[in-house]
Each structure stands twice: as C-alpha cells, then as structure tokens.
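Please consult the sequence and the structure displayed below.

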Amino acid sequence: MKKLLLICVIGSLFTNSINAQQPFDKKLVLKQMILANDYFMQKWPETGKTIITNKERPSNIWTRGVYYEGLMALHEIFPKEVYYNYAYDWSEFHKWGFNGGNVTRNADNYCAAQTYIDLYNLEPDAKKLKNTKANINMLLNTPQLDDWSWIDAIQMGMPVFAKMGVLEKDNRYFEKMYQMYMYSRNKQGDNGLFNPKDGLWWRDADFDPPYKEPNGEDCYWSRGNGWVIGALAKVLTIIPQNAPHRDQYVKDLKTMAAALIPIQRPDGFWNVSLHDSTNFGEKETSGTALFVYGMAYGINSGILKKETYLPVVEKAWNAIIKESLHENGFLGYLQSTGKEPKDGQPLSYDKIPDFEDYGLGCFLLAGSEIYKMK
C-alpha cells in the first residue's frame, strides 16, 4: 500500500512538473477564442450592417477592421470556412474599399486593408487590392510623414505598409513605414510621442509634457500603448529578417515590454492609466490583451526571455479569462472608444462598450499568439 502511495505521489509530482512547463492548455485557449468570436458573429450576422452608436457609421471603420485582424489570426490557427466567408463577405460588401475613399490619409480608414491583403494572399484576385494599392501608393508617393499623429494610427496603418512591401517585394514601403513611424516617435508634438525614459508613449501631442495625471505622473494610456506594442509585434511577423530597420522595431518592443512588467496589476491586468492608479485605475481588457499579444510574440520569436515574460503573459491571460470573458463569449471591462483614461468610464464586468468589435480583435490576436507557443 505504501509503495502504491509513493508511486502515486511521484506521478503527481511528475504531472505537476509538466504542467508547470506548459502553462497554457492550447485546446482550452482555442475554445475560449471560438466562444468569444461566436458570440460576436451571432450578434452581427450581417457583415455590412451599419454600426449605430451616437451616430451611424459604415462597418469598414477601424473598430471593425481591428476585429477582422483578430478573426484572420484565428483563421490562421483554426482555418474554418465560416471565418473566411465572414471576412470575405464584409470585404465584398464594401467593394474592398475604405471609409474616406482612396485618397484618405487617415490610418483608421485604411486599417481594413490588413484583412483585404490577408484574403488576397489566401486567394489572389486583383479586385481585392485595387483600392488598397491606389491608396497606399498615394501615401508612398507624397512627402507627408506626419499622418500618424496619434499612436493608435501606428497599429492601424503600419502593418499595411509592411504587408505591401512583402507583397510587392519593394523596400520603398518599408522605408516609408519607417519614416512615418520615426516621425511619430521622435518629432510629433514637441519632441515625439515616445518617452525613452519611461519606455512608453503619450497618446498624442495633447498629452506630452507639461500635461500630467492627477498624481503628477505622465499620462500613458493603456490601450494606446497596446496599439504600439501590437503594431511592432505584427510588423515583425510580416517583414523579412533582413528587412531594413527591423532592429529598431525589436529594440522598441523590448523597451516597452520591460516597462510594462513593474506596472502590471496584482490581478494580472494593467490599469487604464498606466502610471496613475488613482485616475480611472480600473482593470481594462483591450490594453491588457494587446500587451499579451506583444509579449507572447516576443517570447515566440526569441526576442523576449521566456523565463521573464511567460509568467507575466500567463497572469494577464488568465485574468482576462477569469474576470472578463463571460460564459456566452461577451468581454467585460472593455473601455469604450476614446483617447484617454477618463473616456468610457466607469468600467465593469457587465458594461457593454460603445463598440464590442475592436476589443474582441485584440483578444483574438492575444489568443492566437498564445496558441502558437511551443
């Protein structure tokens, strides 16, 4: 009996050792992603239906574009025809075009091109890229570098240039992307939107110094910084290893990731206001999911040390699953659209944000990168 008990104890220790090395159950992560996505697809069966909040908007705006980024990430790891068709029908409804037409300089408008290009790569058809090429080539061949004047735009626009550079085998897209990114980083506002001292970004020129949070700290908005680290991760997955300026993006991702570790909340989330827990310091899902996405990519690519960042990612993902994901797939603690901590407040488990789509896109991006972990 004692011998049998000893064997059971040893077996239990062995199992626990394996589980300690494998913090994520891939099947469960996929199940959670499918649950959240099914909730949304069932709520929005008509892909072209306009979005009505304080006003009526077409369904190819940035919020929906971010959702489809996440859906295509889910499709990559779990390629169901229904996902492809949902993205295709949306693109076809909008004639593969943009809110604002083919001369828009607003990155929010051409965020949809990320999905158009993904769909083209799966099944090439010239109509899918007619508008994307027209718009991005206009940006490529005009001198402006200051279009990404708010950091959200880095995520909306930067991956489009990266995808076009790969598709066209043309470094001009990489160069323009770098110039626009570095202008936002170092020149936008008074001295750029990136603060190398803190390793984080001000959302736009309205929030760089002398603007301060109530506690005297700089204002670093969670989701805004999430957009940047998410953009860096996505671009690094797209561009070749020998692409120009890759080292800059790697350096910035590492700097941001390191800055995020000490300000993670004990419960695993990050505050809406990263450096002032007294100013709308609630847990927030979209920023946290984007940080998970960026760090998980960093681990998978070898950019970030697994032993340092895996516990951070695990804690954050588990927090989202435990505190945000409902049994029906709805995501709580999601801040509505805005540009700073006070917008869309207060947050709660049950509160429905003005748009549910972009938060789900962030969640799917995070889950897809966790699913790829070895």
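Does Lys49 count as buried, partly exposed or exposed? At 47% relative accessibility, Lys49 counts as partly exposed, a class lying between buried (under 20% relative accessible area) and exposed (over 50%), with a 1.4 Å probe and protein chains only. This is a predicted model, in which local features need pLDDT of at least 70 and side-chain atom pairs count only at pLDDT 80 or more, while totals for chains, interfaces and linings use all residues. Residues are numbered from 1 along each chain as its sequence is written, and side-chain values use heavy atoms, with hydrogens and water left out.

**Surroundings of Lys49**
- Lys49 lies in the loop that joins H2 to strand S1 (51-52); helices (H or I, at least four residues) and strands (E, at least two) are DSSP runs numbered from the N terminus.
- Leaving aside residues up to four places away in sequence, Lys49 touches Trp44 and Ser59, contact meaning heavy atoms within 4.5 Å.
- A distance of 9.8 Å separates the C-alpha atoms of Lys49 and Asn60, which are 11 residues apart along the chain.

**Packing of H2 and H14**
- The axes of H2 (residues 26-43) and H14 (residues 357-371) come within 10 Å and cross at roughly 160°; axes are lines fitted to C-alpha atoms over the stretch in contact, and angles run from 0 to 180 degrees between N-to-C directions.
- H2 and H14 are therefore roughly antiparallel, the term for angles over 145 degrees.
- Their crossing is left-handed, that is, the near helix is turned anticlockwise from the far one by less than a right angle.
- Residues of H2 in this contact include Leu30, Met33 and Phe40, and those of H14 include Leu360, Phe363 and Tyr371.
- The residues of the contact of H2 with H14 comprise 10 nonpolar, four polar and two charged, where Asp, Glu, Lys and Arg count as charged, Ala, Val, Leu, Ile, Met, Phe, Trp, Tyr, Cys and Pro as nonpolar, and the others, Gly among them, as polar.

**Packing of H6 and H8**
- H6 (residues 113-122) packs against H8 (residues 152-168) at about 30°, with the axes 9 Å apart.
- That angle makes H6 roughly parallel to H8, as angles under 35 degrees are classed.
- The crossing of H6 and H8 is left-handed.

**Nonpolar core**
- In the largest nonpolar core, of 121 residues, Tyr110, Trp148 and Phe363 touch the most other members; such a core is a set of buried Ala, Val, Leu, Ile, Met, Phe, Trp, Tyr and Cys residues joined through side-chain atoms within 4.5 Å.
- Beyond four places in sequence, Trp148 touches residues including Tyr110, Phe161 and Tyr181.

Key
Parallel < 35°, antiparallel > 145°, perpendicular 65-115°, else oblique.
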